[in-house]
Amino acid sequence: MARFDDEFIQYSKEKEKSEKKTTAFSLAVQITLYILLIFFAIFFIWYTAFISTHKYYIVSGASMKNTLNSSLALDDQKGTEDAVYVNTIAKIKVFDVVVAKRKTYNTVNKKWETKDVVKRVMGMEGDYVSVALHKDDDGQERLYFYRIAKGTDLTNFDDESARLDERVNTNGYTIYKDGQHDEWTERKDLTTFLDEGGTSSDGYNDVSYELDFFETFLEGHLAEIASGSDDFFVSDAGLVYVKIPKGMFFCMGDNRGHSSDSRNNGFYEMSQVVGKVEIVVYNYSFTKRLAKVVDYYFSEVAKFFAR
């Protein structure tokens, strides 16, 4: 009697099951590969669009501490720790952190230079803004920022409604915690002065940002303010606000005590804005930079499918 191996058996249940398993496995592998191929194709297209609309900046200095470069010394002007990706096509809103190109005069080289700065937008055209001292519940006078949004009815206006309390997350951010306000109210410069005994002493001189604001925006305009010019607003309590002109914005660094910004530089032009800070890479490195971009991609995908 002839004997045949399994290979010569044209049909059997065992061989049918084996072929189905092989076919199913092969189909699963192909589907997986197609999914991965589609995923990487979509990621490549998205990344190409991303790098065409986003710019990468390394953040220097401590003017945005603790939002950025939180581990730097309070007054470090050159150190760097964090980096950001800036969306160059995003619509800029009040309280956004932005990168802007600021022209500054180099007194050493005696020429104008363009410098990239990272600041928070605190007011836009049509808003009224001011910086002034306010006595807190503990009796301490501290500097605060005041903003009256464009279109606000000023007939029954109260300064308290314009004062920003940045200890609470009412604006999408918190600069300082309770009890830590003094960290950024003033920068203090070491000076030498003569005391009453006629001897020299070293001490810290408060550099008042209220005075800076006055000298930048109000000095020389007292007649206009008194005449009721629309460029200014004086509250019932006597606080003077300045109106942000068309195409301009008012900005400050989150490290208020160690930031050169609109308080002493004047308004910035919207045309100077590169874009909105969209991704922050803390303690940046190439690996963390790439991981942040991938993480941002997945978050965008999740938002898309959540619609």
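Modeller: Start with β11, residues 248–252. This strand pairs with β12 in the antiparallel sense, over two bridges. Keep in mind that the model is predicted.

Colleague: Which residue in β12 does F249 stand opposite?

Modeller: F249 stands opposite Y268.

Colleague: And what is the strand order in the open sheet?

Modeller: The order is β1-β2-β13-β3-β4-β11-β12. That makes seven strands, with antiparallel pairing.

Colleague: Which strands stand at the edges?

Modeller: β1 (54–60) and β12 (268–269) do. Each has a single partner strand, so one side of each has no neighbour in the sheet.

Colleague: What does helix α1 lie across?

Modeller: Helix α1, residues 13–53, lies across β1, β2 (80–87) and β13 (273–281). It runs at about 55° to β1. Helix α6, residues 286–305, packs on the sheet too and touches β1, β2 and β13. The direction of α6 makes about 100° with that of β13.

Colleague: Zoom out for me. How many helices and strands are in the chain?

Modeller: Six helices and 13 strands. The chain has 307 residues, and 38% of them are buried.

Colleague: Now the inside. How many residues has the largest nonpolar core?

Modeller: It has 43 residues. M122, F145, Y241 and F250 have the most contacts inside it. Elements that give two or more residues include β3 (97–106), β4 (111–124), α3 (209–218) and β11. There is also a second, separate core of 12 residues, with Y57, V97, V277 and V280 among them.

Colleague: Next, D127. Where is its place?

Modeller: D127 is in the loop between β4 and β5.

Colleague: Is D127 buried or exposed?

Modeller: D127 is buried, because its relative accessible area is 3% and the cut-off for buried is under 20%.

Colleague: What does the side chain of D127 reach at 2.7 Å?

Modeller: The backbone nitrogen of K150. Leaving aside neighbours within four places in sequence, D127 is in contact with residues including V94, R147, K150 and V242.

Colleague: Switching to V98. Which strand does V98 lie in?

Modeller: Strand β3. V98 is buried, with a relative accessible area of 1%. Leaving aside neighbours within four places, its contacts include V117, V121, V273 and V277.

Colleague: How far apart are the C-alpha atoms of V98 and C251?

Modeller: They are separated by 9.3 Å, while the two residues are 153 residues apart along the chain.

Colleague: Last one, T53. Where is the place of T53?

Modeller: In helix α1. T53 is buried, with a relative accessible area of 19%.

Colleague: Which polar contacts does the side chain of T53 make?

Modeller: The side chain of T53 reaches the backbone oxygen of A49 at 3.0 Å. A polar contact of 3.0 Å also joins the side chains of T53 and H54.

Colleague: And what does T53 touch, not counting residues up to four places away in sequence?

Modeller: V86, N87, T88 and I89.

Conventions
Residues numbered from 1 in each chain as written. Predicted model: local features only at pLDDT ≥ 70, side-chain atom pairs only at ≥ 80, totals over all residues. Heavy atoms only, no water. Pairing = 2+ DSSP bridges. Helix = DSSP H or I, 4+ residues; strand = E, 2+ residues; numbered from the N terminus. Contact = heavy atoms within 4.5 Å. Axes fitted to C-alpha atoms, helices over the stretch in contact; angles between N-to-C directions. Core = buried A, V, L, I, M, F, W, Y, C linked by side-chain atoms within 4.5 Å. Buried < 20%, exposed > 50% of the residue type's maximum accessible area, 1.4 Å probe, protein only. Polar contact = N/O pair within 3.5 Å; in protein donor to acceptor, adjacent residues only side chain to side chain.
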